[in-house]
Amino acid sequence: MKRALVLGLLFAAGAVSIGIAAVQQPQAPPVVEVEKLKDNLFVLKGGGGNTGVFITSNGVVVVDAKNPGWGKPILDKIRTLTDKPVTTLINTHTHGDHVSGNVEFPATVDIVVHENTKTNLAKMIPNSSADNQQVPAATIFQANNGKGLPKRTFKDKMTIGSGNDRVELYYFGRGHTDGDAFVLFPSLRILHAGDIFSGKNIPLLDANNGGSAMAIADTLQKARDGIRNVDSIITGHSTQMTVADLTEYIAFNREFLADMRAAKQAGKSVDEVTASWKIPAKYAGYATPPANRLKNNVQLAYKEIR
Ligand SMILES: [Zn+2]
């Protein structure tokens, strides 16, 4: 019985769409696509959030581990890029499409997250946005007796390695969740932003895991101002972006919040705003939001605005 239940939950975790941008085919075989950004930095696409692979002199630092069942395909793909062992795995935040593959990594791998993400990973609550997974990420860790859970946490900043191998982790506050880590590869001038900048879309704000409509623009602004020397940004689910794209995304989130303030003041209901709000035309290339995500964000903004 127990085994059947666990298998059922794992199936559900894999089958439910967890990604932000695209619905995954439930039973498609895992195909990891490689995008080379530098000789020693790659993005692995498919199966959930974008995975960063940074090859240092001593080993490989991985950022995010995708949906259930994608850990081994990630490791297999890394084997085709280098003989060096994976030493470190950083999860940008708690969501199942970024952490579930953790359970397939060797137990020797150092797993690092923001301290709030460690707390969130232990919670048996689903993400709050209806277009996101309804299976808590904690499910897969319970099914694996805690294997793949983080061993180390950071609060504001952490540095891993030195010289050209240096990796810097930053935290600037609430946004997509309350544990969104920014991961900088200073020698390459590339930043992995995770889902707090998932792409050009309205953000998924997961209030169950500390996400905030009120704070996200300020948090992104702090990251933009506080992390220097960035040429390119690996997003959570889209293509690489520039700092100018991030600046635009900050303005987009500020404008959304201002629109919500005005709508609330005008006495409009959540449903009215959800039905009428459109992405301003100046934000070229921004995807039309799924209605349930928009409603989630309107609701959250209304709750947070005083
Ligand atoms: Zn996410």
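Where pLDDT is low, the predicted coordinates should not be read in detail. The chain as a whole averages a pLDDT of 90. At least 70 is reached by 88% of the residues.

**Zinc site**

The zinc ion has four protein donors: H93 (NE2), H95 (ND1), H176 (NE2) and D195 (OD). They lie 2.2 Å from the ion. In sequence, the donor residues follow the spacing H-x1-H-x80-H-x18-D. H95 and D195 link distant parts of the chain, 100 residues apart. H95 sits in the loop between β5 (86-90) and α3 (96-99). D195 sits in the loop between β11 (190-194) and α6 (216-226).

Are H95 and D195 buried or exposed? H95 is buried, because its relative accessible area is 0%. D195 is buried too, with a relative accessible area of 2%.

The site geometry is irregular, with angles of 84 to 168 degrees among the 4 donor atoms. A tetrahedral label would need all angles between 85 and 135 degrees, so the range of 84 to 168 degrees rules that label out.

**T94**

T94 belongs to the loop between β5 and α3. T94 counts as buried, at 3% relative accessibility. Leaving aside residues up to four places away in sequence, T94 touches V99, T117, N120, L121, A137, T177 and N209.

**Salt bridges**

The whole structure holds 14 salt bridges.

| Pair | N to O distance |
|---|---|
| D76 and K72 | 3.0 Å |
| E115 and K155 | 3.4 Å |
| D225 and R224 | 3.2 Å |

D76 and K72 both belong to helix α2 (residues 71-79). They are separated by about one helical turn, because they stand 4 residues apart in that helix. D76 is partly exposed, with a relative accessible area of 38%. K72 is also partly exposed, at 48%.

E115 and K155 form a salt bridge. The pair links distant parts of the chain, 40 residues apart. E115 lies in helix α4 (residues 115-121). K155 lies in the loop between β7 (152-154) and β8 (157-160). E115 counts as partly exposed, at 30% relative accessibility.

D225 and R224 meet through their side chains. D225 is partly exposed at 34% relative accessibility. R224 is partly exposed as well, with a relative accessible area of 31%. Elsewhere, salt bridges that share partners join K200, D245 and E248 into one network.

Note on methods:
Residues are numbered from 1 along each chain as its sequence is written. This is a predicted model: local features need pLDDT of at least 70, side-chain atom pairs count only at pLDDT 80 or more; totals for chains, interfaces and linings use all residues. Side-chain values use heavy atoms; hydrogens and water are left out. Donors are N, O and S atoms within 2.8 Å of the metal (3.2 Å for Na, K and Ca); water is not among the atoms, so sites may look incomplete. Four donors count as tetrahedral if all angles lie between 85 and 135 degrees; four count as square planar and six as octahedral if opposite donors are over 155 degrees apart and all others between 65 and 115; anything else is irregular. Helices (H or I, at least four residues) and strands (E, at least two) are DSSP runs, numbered from the N terminus. Buried means under 20% relative accessible area, exposed over 50%, partly exposed in between (1.4 Å probe, protein chains only). pLDDT is the predictor's confidence in each residue, from 0 to 100. Contact means heavy atoms within 4.5 Å. A salt bridge is a side-chain nitrogen of Lys or Arg within 4 Å of a carboxyl oxygen of Asp or Glu.
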